[in-house]
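Hi,

Here is the structure I said I would pass on. Have a look at it first, and then read my notes below.

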Amino acid sequence: MGLAAMFSFLWLGSVLSGAGVSKAENPIVQTIYTADPAPLVYDGRVYIFTGHDEDNSVGYNMWDWRLFSSTDMANWQHHPVPMSLSTFSWASAQAWAGQVVARNEKFYFYVPVRNRATNRMAIGVGVSDAVTGPYVDAIGGPLLENGEIDPTVFIDDDGQAYLYWGNPNLWYVSLNEDMVSYSGDLTQVDLTVEGFGERLGNPDRPTAFEEAPWLYKRDGLYYMVYAGNCCPEDIRYSTGPTATGPWTYGGVIMPAEGTSSTNHPGIIDYNNVSYFVYHNSFLPGGSSFTRSVAVESFFYNGTEIPELHMTTEGPAQIHPLDPYTLQEAETMAWEEGVETEDCNEGTLNICDINDGDYIKVRGVAFGEGAVKFNARVSSAANGGNIELHLGSKDGQLIGTCTVPATGGWQEWVTVSCPVSGATGTHDLFLYFAGSGTDYLFNINWWQFE
């Protein structure tokens, strides 16, 4: 059973404080388990690259990376798999925490994987002409290897790029202009209590730094954000006058919460708001090995990052969604029961739809009113109905669109139905209804007129 299918009978329980699944929007992805987020702002859009925890996992056995994007920080489009372990012919396991950076009109994906030849963790690099991929092996072997993990890359104002990584130590090296080679020696950072805070309850390791560094610059000050203590991990930060320090401890950003023993940070600025991206265990079945990416918004206190806590609400929506432009069906704020898969018409489609499943799209601006709904659908079964509701899955019904049998799960037709009562801005719920023991239908995209 897939993760999304669990929502047909599982409740998010006490972590949602009784809110119910239709109101929560953190974690931002519910169709699969996601971990180790790495946000990137590019061309007016936020992209979050993640790791992928398998359903029912009892270890960090991860095989690919995933990608989600948004322009409103509320509705997230799911993208095809950008890169997998099989991208690196020399790697044998552990598609762990990576980061994508843009340079030279290309995109570089730095990831830790296990080198088959040495059985040690190494840093590989994928490259693509498009932010969404697919990425290919840029080198044909490791960029570097010292058995440690969690790369983060930062390009300074003077064009110099730095790669940091490490667990349990912290290392850096200067990358060359080509982003797939480096100059100089690997440098180990001196992890002092003054620089990285005090570890709790472990006199053998007095410094808090554990793993997951994230380096960036703001107003001339350099920030090193990282997972501290273990286990469970909290998120802390240090600051410095240069990209290589010296570092001064700043404090705790996010205390350890939930049942995941790990956390992994990323921080970006977008549309004049700062966002902290992390993972937790808040979805049904969540654990240290089945994690989920979430987002919180914040504002700095001068140069200080405030203490943040995990929420189920997520950040405020930046702008309403336009229903009169074509919307990929895999763009959503929340869902119950559905999955996504590769679509033969491009991108993804939603699938595995049963009676009672739904998708929530937050803040849809209908304006003076919609009169028609179109959807691209397929069904190898008997089809069913797409019910359009405002406000909740049981809210005002503005239209019902019938999906016929099309002869195959990738045999697509466009269906339409009249709409009435859709004015102003509302949360839109696509509620799926039908009978039979098989899945009902798939949806590729939808659009109002």
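**A salt-bridge network**

Let's start with Glu25: with a relative accessible area of 7%, this residue is buried. Keep in mind that we're looking at a predicted model.

Which side chain does glutamate 25 meet in a salt bridge? The partner is lysine 360, at 2.5 Å from N to O. Glutamate 25 sits in the loop between α1 (3–6) and β1 (33–42), while lysine 360 belongs to strand β27 (residues 358–367), so the pair links distant parts of the chain, 335 residues apart. Lysine 360 counts as buried too, at 4% relative accessibility, because anything under 20% is called buried.

Lysine 360 also forms a salt bridge with aspartate 427 (3.7 Å, N to O). Aspartate 427 is in strand β32 (residues 424–433) and lysine 360 in β27, so this contact ties together parts that lie 67 residues apart in sequence. At 23% relative accessibility, aspartate 427 is partly exposed. Put together, Glu25, Lys360, Arg362 and Asp427 make up a network of salt bridges.

Elsewhere, arginine 205 and glutamate 210 meet in a salt bridge of 3.2 Å, N to O. Is each of these two buried or partly exposed? Arginine 205 is partly exposed, at 27%, whereas glutamate 210 is buried, at 7%. The count for the model comes to 16 salt bridges.

**A covered strand**

Now find strand β9 (residues 121–128), where eight of the eight residues are buried. In a regular strand, side chains alternate between the two faces of the sheet. Here Met121, Ile123, Val125 and Val127 point one way, and Ala122, Gly124, Gly126 and Ser128 point the other way.

β9 forms a hairpin with β8, with five residues between them. In that turn, asparagine 119 has a positive phi of about 60°. The two strands pair in the antiparallel sense over eight bridges, and tyrosine 108 stands opposite valine 127. β9 is also joined to strand β10 (residues 136–137) by two bridges, again antiparallel; there, valine 127 has valine 136 as its bridge partner.

**An open sheet**

Four strands make an open sheet in the order β15-β16-β17-β18, with antiparallel pairing. Why is one side of β15 and of β18 left without a neighbour? Both stand at the edges with a single partner strand each, so one side of each has no neighbour in the sheet. From one strand to the next, the twist averages 25°. Inside the sheet, β16 and β17 pair over seven bridges, and alanine 227 has isoleucine 235 in β17 as its bridge partner.

Cheers

Terms used: Residues are numbered from 1 along each chain as its sequence is written. This is a predicted model: local features need pLDDT of at least 70, side-chain atom pairs count only at pLDDT 80 or more; totals for chains, interfaces and linings use all residues. Side-chain values use heavy atoms; hydrogens and water are left out. Buried means under 20% relative accessible area, exposed over 50%, partly exposed in between (1.4 Å probe, protein chains only). Two strands pair if DSSP finds at least two bridges between them. Axes are lines fitted to C-alpha atoms, for helices over the stretch in contact, and angles run from 0 to 180 degrees between N-to-C directions. A salt bridge is a side-chain nitrogen of Lys or Arg within 4 Å of a carboxyl oxygen of Asp or Glu.
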